[in-house]
Amino acid sequence: MSAFERIVILTGAGLSAESGLSTFRDKGGIWARHRIEDVATPEAFARDPETVLEFYNQRRRGARGVTPNAAHQALARLEAEFAGSVMTVTQNIDPLHEQAGTRNLVHMHGEILKVLCTHCGARAPWNEDLTVDLACRRCGNTGGMRPDIVWFGEMPYQMDRIYAALTECDLFLSIGTSGNVYPAAGFVAEARAAGAHTVELNLEPSEGISLFAEAIHGKATKVVPAYVDRLLHG
Ligand code: BJW
């Protein structure tokens with residue numbers, strides 16, 4: 001029987017690495033190949049939409065055929081079998097958590113398989129390449145159809161819901177994230193302030209390691225299933 005009742009899990013690119021998706025800041029990661037200011041800001045999209053759309057078209061194609069790994073599956077099992085509540089907040093834009101079966105999920109940085117119209121705010125599932133001449137199915141305008149991704153300088157999704165869960169949780173897990181990007185990097189401090197036990201599961205110590213009460217370092221597919229077993233079966 002676990003001592004905890006309310007768990008919040010934050011996940012990042014390291015969780016999907018063993019499914020074959022690139023991380024951002026590791027050697028050879030996405031930011032070693034692209035400049036953030038060229039592809040991941042609203043200013044980049046305004047200046048050069050073709051380059052930004054092509055960057056995300058490639059990411060969307062790369063996400064096809066990728067499957068959840070043992071860590072995604074373990075987190076889905078935790079949500080299904082834990083006696084208390086589990087909320088998963090992912091910074092990842094891939095669909096691997098939901099494919100594994102996680103249901104109480106927030107994609108705080110958006111989703112690669114959705115499109116957002118900058119003219120009218122319409123959002124819709126989207127599985128194809130995006131082009132600048134695509135018209136919005138709701139307002140009919142062209143030139144504003146972008147991937148539904150939170151870029152630097154934009155407000156991540158569902159922050160009120162996330163902060164409410166953080167102030168109520170008694171266990172906070174941070175998995176596969178370097179802790180470089182805010183506001184996600186600040187969640188551990190919020191959870192600590194609320195009195196939660198805080199655990200990092202990551203390949204290596206993250207930027208915020210000193211804020212965690214416990215740290216387990218190793219590959220996600222090894223350490224996450226083992227930690228979930230510990231939580232569920234003592
Ligand atoms: C493994 C593993 C394995 C490998 N097993 N582990 C100055 C100070 C503070 C803040 C700011 C500042 N200047 C600007 C800001 C704000 C800015 C920010 O944080 N900038 C920093 C760079 C300083 N943030 C924003 O602009 C955000 N919005 C915002 O702040 O709004 C205002 C606000 C105010 C108050 C409250 C709320 C809001 C928006 C951020 C948007 C981030 N978008 C991106 C790209 C879009 C998505 C995409 O294209 O995919 O999201 S950036 C990129 O980084 C992506 C990720 O979600 C995000 C986090 O990366 P992640 O997941 O941590 O990946 P990595 O690669 O960094 O780390 C992977 C880890 O896994 C590593 O540690 C590995 O060791 C590990 N690993 N293999 C386990 N097998």
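User: What does buried mean here?
Analyst: Buried means under 20% relative accessible area, exposed means over 50%, and partly exposed lies in between (1.4 Å probe, protein chains only). The model is predicted: local features need pLDDT of at least 70, side-chain atom pairs count only at pLDDT 80 or more, and totals for chains, interfaces and linings use all residues. Residues are numbered from 1 along each chain as its sequence is written, and side-chain values use heavy atoms, with hydrogens and water left out.

User: Why is Asp 148 called buried?
Analyst: Its relative accessible area is 2%. The cut-off is under 20%, so Asp 148 counts as buried.

User: What makes β6 mostly covered?
Analyst: Five of its five residues are buried. Strand β6 spans residues 145-149 and holds Asp 148. Strands (E, at least two residues) and helices (H or I, at least four) are DSSP runs, numbered from the N terminus.

User: Why are β4 and β6 said to pair?
Analyst: Two strands pair if DSSP finds at least two bridges between them. Strand β4 (residues 110-117) and β6 have five, in the antiparallel sense, so they pair.

User: What does Asp 148 contact, leaving aside neighbours within four places in sequence?
Analyst: Its contacts include His 109, Lys 114, Arg 123 and Tyr 157. Contact means heavy atoms within 4.5 Å.

User: What span is expected of helix α10?
Analyst: The expected span is 1.5 Å times one less than the number of residues. Helix α10 (residues 220-233) has 14 residues, and 20 Å is expected. From first C-alpha to last, α10 reaches 19 Å, close to that value.
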